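Let's take a quick tour of this one, from the overall fold down to a few ring pairs. Have a look at the picture before reading on.

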Amino acid sequence: MVMKPSVLIAVAALLFGGAGGYLVGSGKDNGSEAEASKVDARSKKAVSSRPSGTVSSSGGPVTRGTRSGGGLREILSEPGQTSRIMSLLEYYSDLDPSEFEGEVQKLQGLPMSQRMLAMNLLFSRWAENDPKGSWERSQQMGFPEMFMARAGAVSGWAASNPEALAREYSNDPNEFGMGPGGRGKGDTAAMIAGEWAKQNPDAALKWAQTLDEGEAADAIGGIFNELSQKDPQEALRMAATLDDNARGDAYESIAASWAISDYAAADRWISSLGEGQGKVRFAAIESLANASPSQAARETAKLPAGEERDELVAEVSREWARQDAPSAFEWLTESGSEGAVEEGIGRVVGALAREDPERVLDYIDSQDAGEVRDNAVQGYVYGNRDASPADTIRLAETISGEEDRQRAVTRVAYEWAREDPQATLQYLETTEVIGEDSRQRISEMAERAAAGEEVGRSFRGPPGRR
């Protein structure tokens, strides 16, 4: 049995994005050049996908890839991510089961992004033919390959035989965590349940209710996300048969999915609910933010004031800033509470600084010392890549939080060393903000640049929550 390409593409895109967030969020190097930015990770109840396909101008399917010598590397050198994914699907669909292990070896030495994507698709295909073999081999992989191999093995197994995987999961849930130490087992439960719901939702729901509380909630969410994409009213009918806790989980998942397809209808239903309406509305607006952040911004006015609302307002502002940074900035600073502004201003300012740095600097100048100003400064420092490092480093020095100040100053110093090594070396002789290890590395980098060596550009993206 071969998984439909559209299904596998959706799974690969979802899991590859999740792996990227996991890897970035796990990185630490104490303020060095390679330091990963902070990641704001809030769980999402709904994920939607649309089938993809590629056809020729004549309407027939495009033939991609080749099994002949160098086929894999030829595929991975194709321009366009969608084209590569389609070609990899065709390439792996033709494999004989005896060839899977050899294909794993071919992935070694490839660039990380190519290796992770191909590994996910390969193990998904492997799991369709030999689910246990695919899973056992994935457990032998080193980090970070293990993450994508496990995700691929589970996605392929769940899509081809969710009932069998559910039995294995119930025997030992910790074995099926996507991350180290069994973390992420709830994601696996949701995947199993969602795939099973496509075939037999009643059986999937019965299984979900046998799980421990946390995994049960994830599994129920997966089921009702799947059902509500097809028929929200049928999903509501089925949810009405559950106990209070399970029904609450189901309602949140229905709201998150329905909000994307028909927010007006979802809003009318939510308004008809009595107790428990708040959590359901939060789920709907959080999901809506991914599709229409400007509309989600308006809808936040319906939520009760408090920390949870502040966090959601900040999240909506960050999503909106990706599309329209000036509007997001204006809404957040004029309508958001102090807590919401503190939480969201860094990302919004980081986006706006690339379009209108003067407006950002005026805003920073208007702020008193404290978290809001510190976060805005960090957003500017990390977001405005065209700013002069000599000016930006002085601004970074005004951050009141010691750890944040050291991180921001160090990051700019790496950039400055590339652009003006002599000025950077002079700065290093006087500053006390940068730690000794980073000072040494920046000095060596500046000396190489002064000698005419090629020095790579350091990363200066905006921090995750700032």
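## The big picture

Of the contacts in the protein with a separation of 6 or more, 60% are between residues 24 or more positions apart. Keep in mind that this is a predicted model.

As for secondary structure, you'll find 25 helices and zero strands. The protein has 466 residues, and 51% of them are buried.

Now for the aromatic side chains. A pair of rings is described by how far apart the centres are and by the angle of the planes. The count here comes to 13 aromatic pairs.

Take F329 and Y363: they sit edge-to-face, 5.2 Å centre to centre, with 80 degrees between the planes. F329 belongs to helix α18 (residues 325-335) and Y363 to helix α20 (residues 357-366), so this pair ties together parts that are 34 residues apart in sequence. F329 counts as buried at 5% relative accessibility, and Y363 is buried too, at 12%.

## Another pair, and a cluster

W416 and Y427 make a tilted pair, with 5.5 Å between centres and 55 degrees between the planes. Because W416 lies in helix α23 (residues 402-419) and Y427 in helix α24 (residues 421-430), the pair links parts that are eleven residues apart in sequence. W416 is buried at 7% relative accessibility, and Y427 is buried with a relative accessible area of 3%.

Which residues form one aromatic cluster? They are W135, W157, Y169, F176, W196 and W207.

Methods
Residues numbered from 1 in each chain as written. Predicted model: local features only at pLDDT ≥ 70, side-chain atom pairs only at ≥ 80, totals over all residues. Heavy atoms only, no water. Helix = DSSP H or I, 4+ residues; strand = E, 2+ residues; numbered from the N terminus. Buried < 20%, exposed > 50% of the residue type's maximum accessible area, 1.4 Å probe, protein only. Contact = heavy atoms within 4.5 Å. Phe/Tyr/Trp six-rings, centres within 6.5 Å; stacked < 30°, edge-to-face > 60°.
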